[in-house]
Amino acid sequence: MPEYETSIVTDLEHRETYGDYLRLDLLLAAQQPRSNPAHHDELLFIIQHQTSELWMKLMIHELREVVAWIRRDNLEPSFKIFARVGAIQRMLFDQWGVLETLTPNEYVQFRGALGTASGIQSPQYRAIEFLMGNKDVRMLGPHRHDPVAHAELEAHLHEPSVYDEFLAYLHRRGAPVPEECLHRDWTQPYQSVPGLVDVFRTIYEDPHSHWDEFEMCEKLVDVEERFRLWRFRHVMTVQRIIGFKRGTGGSSGVGFLWKALDYTYFPELWDVRTVLREPSEVAAARADSDAAAAP
């Protein structure tokens with residue numbers, strides 16, 4: 001054990017403390033189990049979801065900063081931000097392992113205390129979905145009772161997603177991004193535009209000439225893959241604990257969650273992998289293009 005250092009501050013009256021700075025009085029008092037009689041495992045359930053909300057708050061904060069850098073036509077600073085987002089996503093993924101220690105017979109003993117409370121009502125989860133492009137005005141419904149959350153989500157609904165901003169950036173840099181990607185109703189979910197695949201093929205077949213754009217493409221794929229894996233583990237955790245019961249918020253439960261797995265956020269970034277050519281084919285195509293352009 002290290003020797004105690006006499007320089008350690010012990011007289012903390014009228015000074016900022018660790019607990020003051022982190023507002024531990026509020027944070028540690030926020031766990032209020034509702035079951036009666038109190039059930040031991042409800043605290044696990046509450047802390048699991050509260051910590052997830054904290055990580056999602058940070059993820060939203062970081063994704064907003066990514067959007068700000070894209071709008072400045074400077075992609076490079078966002079790469080470090082995406083590394084942090086990835087670490088956050090890994091934390092969110094691994095947390096399901098803690099909740100999976102809750103057995104079905106334990107959860108059923110306090111599930112009734114939730115009433116109609118459900119993760120589908122999480123405004124922060126919905127904000128992440130909107131920031132990534134999965135827009136649906138109907139999903140504002142569960143937030144009508146909260147004017148502040150509703151207004152923030154409505155703002156996200158009407159704004160371009162991270163992907164929309166990246167496509168606008170590529171357009172500003174001279175890429176032939178189809179017009180339908182640039183001027184559309186931002187409140188609608190993004191739909192695949194086949195003509196965009198060639199834009200990304202140009203980037204992927206010559207990454208050294210488009211390094212920042214190539215890096216951004218891969219960062220977006222990373223985020224989507226981790227997010228879809230997180231949702232998959234969510235489904236499996238829910239099925240493991242409640243089977244095919246209906247969700248407390250009125251959804252069909254596992255069936256509803258499975259449907260969400262089908263959505264692809266950045267479709268052309270996945271489609272481009274199918275059409276990439278071998279280096280010899282790329283060279284031949286360039287030679288043909290040069291020959292056709294020659295006087």
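Modeller: A patch joins residues with over 30% relative accessible area and no salt bridge, like charges within 9 Å and nonpolar side chains (Val, Leu, Ile, Met, Phe, Trp, Tyr) within 5 Å. A salt bridge puts a side-chain nitrogen of Lys or Arg within 4 Å of a carboxyl oxygen of Asp or Glu. This is a predicted model: local features need pLDDT of at least 70, side-chain atom pairs 80 or more, while totals for chains, interfaces and linings use all residues. Residues are numbered from 1 along each chain as its sequence is written, and side-chain values use heavy atoms, without hydrogens or water.

Colleague: How much accessible area do Tyr18, Tyr21 and Leu22 have together?

Modeller: Leu22 sits in helix 1 (residues 18-22), a DSSP run (H or I, at least four residues). Together with Tyr18 and Tyr21, Leu22 forms a nonpolar surface patch.

Colleague: Which helices do the buried residues of helix 7 pack against?

Modeller: Ala149, His150, Leu153, His156 and Leu157 are buried in helix 7. They fall within an arc of 125 degrees (by directions from the helix axis to the C-beta atoms), so they line one face. On the other side, Pro147 and Val148 are exposed. The buried residues pack against helix 3 (42-71) and helix 6 (123-132).

Key
Areas by Shrake-Rupley, 256 points an atom, 1.4 Å probe, with all protein chains shown as cover. Helix = DSSP H or I, 4+ residues; strand = E, 2+ residues; numbered from the N terminus. Buried < 20%, exposed > 50% of the residue type's maximum accessible area, 1.4 Å probe, protein only. Contact = heavy atoms within 4.5 Å.
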